[in-house]
Amino acid sequence: MAASEENSALFPIFILTIMALPIVPYTITKLCRAATKKSKSIHCQCSECSRSGKYRRSIFKRISNVSTCSNLTLLLLWVVMIVLVYYIKNISGEIQVFDPFSILELEPGAAESEIKKKYRRLSIQYHPDKNPDPEAHKYFVEYIAKAYQALTDPIARENYEKYGHPDGRQGFQMGIALPQFLLNIDGASGGILLLWIVGVCILLPLVIAVIYLSRSSKYTGNYVMHQTLSTYYYLMKPSLAPSKVMDVFIKAAEYMEIPVRRTDDEPLQKLFMLVRSELNLDLKNIKQEQAKFWKQHPALVKTELLIQAQLTREFAMLSPSLQGDFRRILEMAPRLLEELMKMAVIPRNAQGHGWLRPAIGVVELSQSIIQAVPLSARKATGGFPEGMAPFLQLPHISETVIKKVARKKVRTFQELRDMNSQERADLLIQSAGLASAEVQDIEVVLGMMPYLTIEATCETEGEEGIQEGDIVTIHAWVNIKRGNGLIGALPHAPYYPFHKEENFWFLLADSVSNNVWFSQRVSFMDEVAAITGASKAIEESMEGSGANVKETSRAVSEAIEKVKGGSRLVMGKFQAPSEGNYGLTCYCLCDSWLGCDRRTNIKLKILKRTRAGTRGLAVADEGPAVEDGVEEDEEDQDGEYDDDYESEYSEDEDDQDTKNKHGTANGTGDKHGQRAYNSNSDEE
């Protein structure tokens, strides 16, 4: 009986232990992360972002941030643990160790006369002849009589004083941490025990495995459906113009699951009339084009119209039900665009090259969605070579303001950025008619915008030159500077209703052949991860080159200082193509800002494959024209946006003119490298 009670008492202790093992470390980790969060604000402080309420820490928002599903679950588990501790404390108070002295209310080591005297007193109080209460009878038989026997028998008392038990030294006992009703194997309790074992040991792990496998078979690690990836892969084409990327993007399986309601027909019809100019419809056959548009799958129609509502900032007139769909579409957009980007740069040919033109289109679509800028604003028009889109991301800037600024010969966004704050204020106040508070908002946003520089080299590790078929290592440092001194920051995006971190894409590409040789995503938010990755890459590179420990340590220290100063290391490998000179371009594209992308040119010289031992001679004969097979265009590093790639939205309207103008171009300039590819794409 006692053993059964002890086993039953062990069960809550067992459950408490199993719960505490994962919960306590997880709670400590979570509290440490919350305590080490930087108090420095990394989001935009302009009036438009403040009015959006996205970063406002109201009481409701603070409660909602704390009362997440994981936090509530954690709190509930802690409540259960506290209840278990309280229950165990009470149980331990009820189950007492057999102590004859305490039962007889005596001090340890009392004389036999005192024991007999106390026993007689308790007998008068609890003996069945004196007290008819059944509980008193039970207490007398099980405790008082046994305690008296243990202390009056010389052998029993000696055993108790020596070993703590009247029966002498006790052996090691094991208990089963299960409730008492499961341990009564007589009758139906045996079946309950069997069900318990089967349920906990077999069924529960099986259910968890089935749920995990069913989810993992449907979603990737980025919470994107496998069906979406398959669709993106097969719809991605090398000649896909940026203005056509939208047609591929909206075909995600997640968007196909958006509910279609009859009550949405009328609001969508009104929205269609507002954004019709952005839908790439043929105006010559507008009726047929409209009919064709509405014949698409209803989910596709809704998705495209709601994305266009974001781009044109026409979302205020949406009905409450459409507002829910609108937020759902925008919330999924960044990770879907990231997967679409991966499908653009994934190796497609024997050389392992991806496609440049659709990759640029994906980034430009991402920029437009985050900044709520229409795709048509990217077209070169009215004396603006890069369109009005970069200007429109600034607060208080409209087309009217842009045209007023253009009269002062400011026609590119980079020209506006290159002005000092006083010149810019004079221009915006005197020429554009903005108020000083509005100009201050613009200065805040310009201070948040990143300025990028790239330092890149390509080499064959352990060799002096690059020969065809070699494994070439690209080593690039991407540095970021901001006017406000931050390294990682959240972009100014008052019309995007969710928090969005900046992400950058580094591409090494041949703009003439439309091939992406190497790609990598770059983030400036997590400094610790960047230091770890850079240190590991530098160590492996130095060990491969045969450097000693001191040189490796110095190189790692320098890399860490660069990372802390706002640089990120990009390293990768690709196979050298056939012999020849290649004009490659390193792109660093931001998925959140317009007008902040950067590039630098690299001239790569590939030598003919020679026999082992003659590689150095082959390079020496050519002379030192190319150091390590690479030359950088330093002019691009200065940040002049005149040399940056141009958006291709204007090319869709005059593809034929582009053919005639660049059809015979062959690397005539990196500025026109993408246009040169258009002739090849259109012929295909």
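The model is predicted, and local features are reported where pLDDT is at least 70, side-chain atom pairs count only at pLDDT 80 or more, and totals for chains, interfaces and linings use all residues. Residues are numbered from 1 along each chain as its sequence is written, and side-chain values use heavy atoms, with hydrogens and water left out.

The protein has 29 helices and 9 strands, where helices (H or I, at least four residues) and strands (E, at least two) are DSSP runs numbered from the N terminus. Of its 684 residues, 43% count as buried, that is, under 20% relative accessible area, with over 50% termed exposed and values in between partly exposed (1.4 Å probe, protein chains only). Among contacts (heavy atoms within 4.5 Å) with a separation of 6 or more, 71% come from residues 24 or more positions apart.

Helix α18, which covers residues 356–371, has 16 residues and reaches 23 Å from its first C-alpha to its last, close to the 22 Å expected at 1.5 Å a residue; the expected span is 1.5 Å times one less than the number of residues. Because 16 of the 16 residues of α18 are buried, this helix is largely enclosed by the rest of the structure. Just after α18, A372 takes a positive phi of about 55°.

Helix α24 (residues 527–544) has 18 residues and reaches 26 Å between its first and last C-alpha, close to the 26 Å expected. Its buried residues include A530, I531, A534, S535, A537, I538 and S541, and what covers the buried residues of α24 includes β3 (471–481), α25 (549–564) and β6 (567–575).

Helices α14 (residues 265–275) and α15 (residues 286–294) pack at an angle of about 140°, with their axes 13 Å apart, the axes being lines fitted to C-alpha atoms over the stretch in contact and the angles running from 0 to 180 degrees between N-to-C directions. The two helices α14 and α15 are therefore oblique to each other, given that angles under 35 degrees count as roughly parallel, over 145 as roughly antiparallel, 65 to 115 as roughly perpendicular and the rest as oblique. In this pairing, L268, Q269 and F272 of α14 meet Q290, F293 and W294 of α15.

Within helix α17 (residues 320–345) lies D325, which is buried, with a relative accessible area of 5%. Leaving aside residues up to four places away in sequence, D325 touches I258, P259, R261, D264, K302 and L306.
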